[in-house]
Amino acid sequence: MSSIAIIGFSGLYPDADSPQQLYRNLLDGRNSIVRFSDSELRRSGIDEATIHDPSYKPFGTRLRRYKYFDNEFFGMTPAEAQITDPQHRIFLQCSYQALQHAGYDPFHIVDQVGVFACLSDSTYVRNNLTTSGRITPDGYDYATLIGNSADFLATRVSYKLNLTGPSLAMQTACSSSLTCLNYAIHSLESNECDIAVVGGVGLVLPHMAGYTHLNGSTFSASGTVSPFDRSADGMVRSSGCSVIVIQKLDDALRDHNHVHAIVEGIGINNDGNRKIGFTAPSVQGQVDVIRKALSKTHLTMNDICYVETHGTGTALGDPIEFRGIQDGYDTKHRTDNLLIGSVKANIGHLDAAAGITGVIKVVMSLSNGILPRQINYHTPNPHLAIDASHIGIPAHNVPLTNAQSHMAVTALGLGGTNVHCILSKFDDASTAKITDHCITASTAPVVIVLNAVNDRYLRQLCLSVAQYIRAHTPSLEDIAYTCYRRLGELPNRICFSVGDVDDLALSLEDYAACHVVPACHNELARQWLENGRNDILKPLIPEGKVVPLPYLMFQGKEFWVKPSCKIYSKTSNNPVPTKSSGTSILDEIIRIWSEFIGVQVHSDDRFSDLCSDSLTAVSIAAQIGATLNLDVDPTLLQIMDTPARLAKHLRVPGQTVPSIIPISTGGQASSLYMIHPAGGSIFCYRKLFDNLDVPFNVFGIAFPQDMEPVSSVQDMAKRYACYIMDHHDLQQPLALGGYSLGGNLALAAASELRRNGVQVKELIFIDSIVPEAYAQSQLSMRDYVNHFPEIWGFITGNGRGDIFDTHNFQTLDHAIRELRTRGSIPETFTDSVIKRMFHVWVANHQALCDQHLLPDMDVGITLLYARQPLSDAAYKFVRMQPYRAEQWTRYCKALHVVPIPGDHYSIFSDPDNSATLRRVLQDELQIISARMLHKENCA
């Protein structure tokens with residue numbers, strides 16, 4: 001097995017917001033298991049009868065800020081954050097922190113990063129969402145499923161941080177996180193990924209609540225976890241999260257990463273039926289997994305000085321595990337004692353997160369040279385036969401010698417999956433030899449740069465970095481190198497030019513405490529402060545090595561659906577509200593918007609300012625329609641975009657709806673009209689142009705609500721040309737554009753405008769596809785119906801261009817029913833609205849297949865071209881061919897192609913790709929505007 005480096009870690013624990021604080025608590029012998037007061041139990045929803053029941057044991061742990069989450073940092077709406085299991089939210093934040101601790105900007109990692117994750121039973125749905133009446137117990141919507149299923153724990157991290165390696169959720173009960181580590185190592189060794197994020201999370205809900213104790217159960221009657229002690233009477237469930245970042249050692253040294261410890265070997269197996277019952281552990285299974293792990297290393301049994309055991313403190317499990325360690329390491333032939341212990345005595349049983357928590361304890365012990373003592377151990381369990389075993393349990397903190405540099409961690413999963421991991425201390429002195437890396441001292445000032453998403457986080461970071469360098473005194477060059485590597489594309493920036501670490505610490509503290517901004521005398525650094533382009537700084541940054549600077553400690557807001565003490569009933573907690581008598585339409589709309597977006601909405605709030613998610617718009621429209629007994633098209637929210645406007649419109653049925661919608665107006669002379677893509681919605685433009693500085697008044701053209709879905713590119717272009725002529729001052733400059741179908745329609749509309757004497761010289765296409773690509777794309781209605789799930793995903797903004805399953809739906813009604821059973825369509829959404837949206841999308845796609853655009857038009861086209869082709873499945877579905885950007889030269893006088901990252905769909909759906917698209921679009925529209933002004937002046 002390759003040597004695997006642990007290059008970063010993070011965690012959240014009872015009484016500890018970081019692994020560093022956890023380790024200090026262990027050295028102090030702190031017991032974080034507490035007895036909850038009656039008032040705490042009441043606040044958690046425990047009834048009086050239970051509180052006073054003698055069998056109820058009010059013991060557990062407290063996890064700080066488990067309800068809090070920085071939704072804006074991770075691009076989640078308040079409503080999405082509120083329905084997402086806090087385990088998912090905690091793990092996402094810890095994954096970001098671990099990568100930052102490893103010396104990376106987590107949002108912009110070039111390497112292939114895998115995510116291997118696990119979580120405890122997700123009880124937020126059952127205890128909070130269901131009892132509150134937010135959802136029904138027998139079915140809930142797709143957003144709630146994604147937010148609470150274990151399947152999406154790892155992939156959510158991969159999506160939010162744009163990590164492109166394998167992304168797997170694994171569940172083997174208490175051994176889950178070490179199982180994740182085993183397969184993450186396999187992934188590194190097979191080159192499936194370059195770096196891996198590995199961890200687990202567990203959260204007990206209700207949080208400050210105990211448990212009912214039954215004689216013979218594995219839970220403690222005393223509320224004290226005492227592994228291997230005579231008094232051991234069981235475990236206490238606890239909450240926490242542990243995440244590590246690993247990389248092959250050679251790669252870590254090549255990349256100048258800090259190595260905290262080495263994973264030398266790991267073994268995994270299952271007991272089979274070699275035990276007294278399914279839930280019982282097995283001596284032979286543990287012996288085998290220990291030997292398997294050792295066989296993958298160069299070490300002998302005697303090299304291992306300590307084993308962090310599973311150690312749950314149960315009368316049955318402890319002796320079996322003790323015997324497994326004794327036989328697995330053949331301790332009777334040792335000359336010194338093999339030390340064992342368990343962190344569960346301090347913080348309880350973290351369930352899925354337990355294994356990696358043990359790894360972090362061992363890593364901290366190896367790197368700090370002190371093994372924490374085992375609390376709650378006084379008199380050995382008489383079944384251990386400890387005197388003749390050559391196994392010891394430390395009653396005091398143990399300073400480690402140079403020879404004590406190898407330790408192990410065991411995790412035993414309920415059901416029999418055992419994992420054993422062997423770790424070694426890393427010899428820092430060997431780094432220079434391996435990497436030939438040497439930094440010479442310099443008298444010149446060193447530039448240190450930091451940035452953050454807001455000033456509060458920036459000041460927090462300055463203070464924590466100052467505290468770290470005062471405690472560890474790393475070199476300035478290493479600090480500069482690490483800070484530069486961790487830079488994100490963030491708006492709040494600060495630069496320090498210092499000659500030694502003391503000056504840097506003082507300057508950091510001055511900014512954190514008093515907002516004293518240091519003077520910047522370096523020209524490149526000044527440019528970076530102004531424009532945030534990180535590449536400008538490269539000549540200033542010395543080549544150092546990563547030091548484990550503190551990571552961001554997230555603040556955020558409380559997102560929590562409070563559970564009800566009432567038992568759920570469909571009559572008392574109807575999830576579909578109806579309009580009550582005396583409640584106005586406006587009040588109902590405001591209530592529904594507030595509920596789905598997650599903030600209090602007012603009558604004049606614009607939907608696009610609150611949320612640009614089309615799936616949310618679909619859900620809101622469905623709920624309004626069900627409440628008011630109307631068919632409400634979701635596109636109304638992009639036109640009647642405040643509660644007041646929408647209420648006014650709904651009070652007068654049958655009135656016409658404008659199809660030109662202002663998107664960005666700032667009193668500019670020039671106007672840009674962006675025509676809808678397939679489906680007729682312009683939500684994508686709302687998000688694209690939000691707060692974008694462009695020299696145009698930008699308007700969107702949506703598919704008209706009074707237009708039949710069956711149409712052609714030419715028919716739509718004629719109507720849109722008329723709209724533009726009625727709307728626009730024809731004496732002012734004019735440009736057209738659109739995404740996908742919108743670009744094709746823009747070219748056809750430009751032709752119609754020219755027939756009416758209106759010249760359009762500039763078009764901007766966002767990955768619009770040439771007509772030739774659609775030449776063979778003649779689909780039947782049956783083809784469209786069979787791909788209804790994918791089309792519905794595209795309509796709602798929740799689709800992907802790489803997943804196309806085979807379906808066999810008899811009718812559209814059959815397809816809609818199927819998606820309703822999956823929870824992909826809200827029950828409140830009427831079939832008639834769904835069918836109209838589907839038929840508009842189909843008609844738009846068929847219009848592309850039948851389009852006839854004029855060649856050699858006197859226009860210039862700027863094409864933002866998605867570099868990544870669609871999947872073979874996508875091309876097969878629409879029966880079209882990949883297109884080349886230069887094919888548009890046939891249709892225009894001049895073509896300017898600007899490649900952008902992503903494929904036809906991910907240029908919008910992927911956060912990094914979308915951010916790049918916004919930057920490129922802003923730059924190109926500045927150029928187009930200057931070109932239009934030049935032509936006008938020449939004329």
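User: Two strands pair if DSSP finds at least two bridges between them. Which residue in β7 stands opposite Ala117?

Analyst: This is a predicted model, in which local features need pLDDT of at least 70 and side-chain atom pairs count only at pLDDT 80 or more, while totals for chains, interfaces and linings use all residues. Residues are numbered from 1 along each chain as its sequence is written, and side-chain values use heavy atoms, with hydrogens and water left out. Strands (E, at least two residues) and helices (H or I, at least four) are DSSP runs, numbered from the N terminus. Strands β6 and β7 run parallel and are joined by three bridges, and the residue of β7 opposite Ala117 is Ala169.

User: How many residues of β6 are buried?

Analyst: Buried means under 20% relative accessible area, exposed over 50%, and partly exposed in between (1.4 Å probe, protein chains only). One side of β6 carries Val113, Val115, Ala117 and Leu119, the other Gly114, Phe116 and Cys118, and all are buried. For β6 (residues 113-119), the count of buried residues is therefore seven of seven.

User: Which residue in β8 stands opposite Leu119?

Analyst: β6 pairs with strand β8 (residues 195-202) in the parallel sense over seven bridges. Within β8, Leu119 faces Val201.

User: Why is one side of β7 and of β15 left without a neighbour in the sheet?

Analyst: The open sheet has 11 strands in mixed pairing, ordered β7-β6-β8-β10-β1-β11-β18-β17-β12-β13-β15. β7 (167-169) and β15 (391-392) stand at its edges, and one side is left open because each has a single partner strand.

User: What is the bridge partner of Ala5 in β11?

Analyst: Strand β1 (residues 4-12) is antiparallel to strand β11 (residues 261-270), and three bridges link them. In β11, the partner of Ala5 is Ile262.

User: Where is Pro206 found, and what is omega for the peptide bond from Leu205 to Pro206?

Analyst: Most peptide bonds are trans. Pro206 is found in the loop between β8 and β9 (211-212). The bond from Leu205 to Pro206 is cis, with omega near -5°.

User: Is Ala173 buried, partly exposed or exposed?

Analyst: Ala173 lies in the loop between β7 and α9 (176-189). Its phi is positive, about 60°, although Ala173 is not a glycine. At 30% relative accessibility, Ala173 is partly exposed.

User: Which side chain of opposite charge is nearest to Lys344?

Analyst: Lys344, in helix α13 (residues 344-347), is buried yet has no salt bridge (a side-chain nitrogen of Lys or Arg within 4 Å of a carboxyl oxygen of Asp or Glu). Lys and Arg count as positive and Asp and Glu as negative, with His and the chain ends not counted. A polar atom of the Lys344 side chain lies 2.6 Å from the backbone oxygen of His310. At 5.9 Å, the nearest side chain of opposite charge is Glu308.

User: What covers the buried residues of α17?

Analyst: In helix α17 (residues 476-485), 10 of 10 residues are buried, among them Glu477, Asp478 and Arg485. Contact means heavy atoms within 4.5 Å. What covers these residues includes β19 (446-452), α16 (455-472), β20 (492-498) and α18 (501-514).

User: Which residue in β26 is the bridge partner of Ala735?

Analyst: All six residues of strand β25 (residues 734-739) are buried. β25 pairs in parallel over five bridges with strand β23 (residues 671-675), where Ser671 stands opposite Leu734. Five bridges also join β25 to the parallel strand β26 (residues 762-766). In β26, the partner of Ala735 is Glu762.

User: What is the relative accessible area of Leu863?

Analyst: Leu863 is found in strand β27 (residues 860-866). The C-alpha atom of Leu863 is 9.2 Å from that of Gly743, 120 residues apart along the chain. Leu863 is buried, with a relative accessible area of 0%.

Conventions. A polar contact is a pair of N or O atoms within 3.5 Å; within protein, one must be able to donate a hydrogen and the other to accept it, and residues adjacent in sequence count only if both atoms are side-chain atoms.
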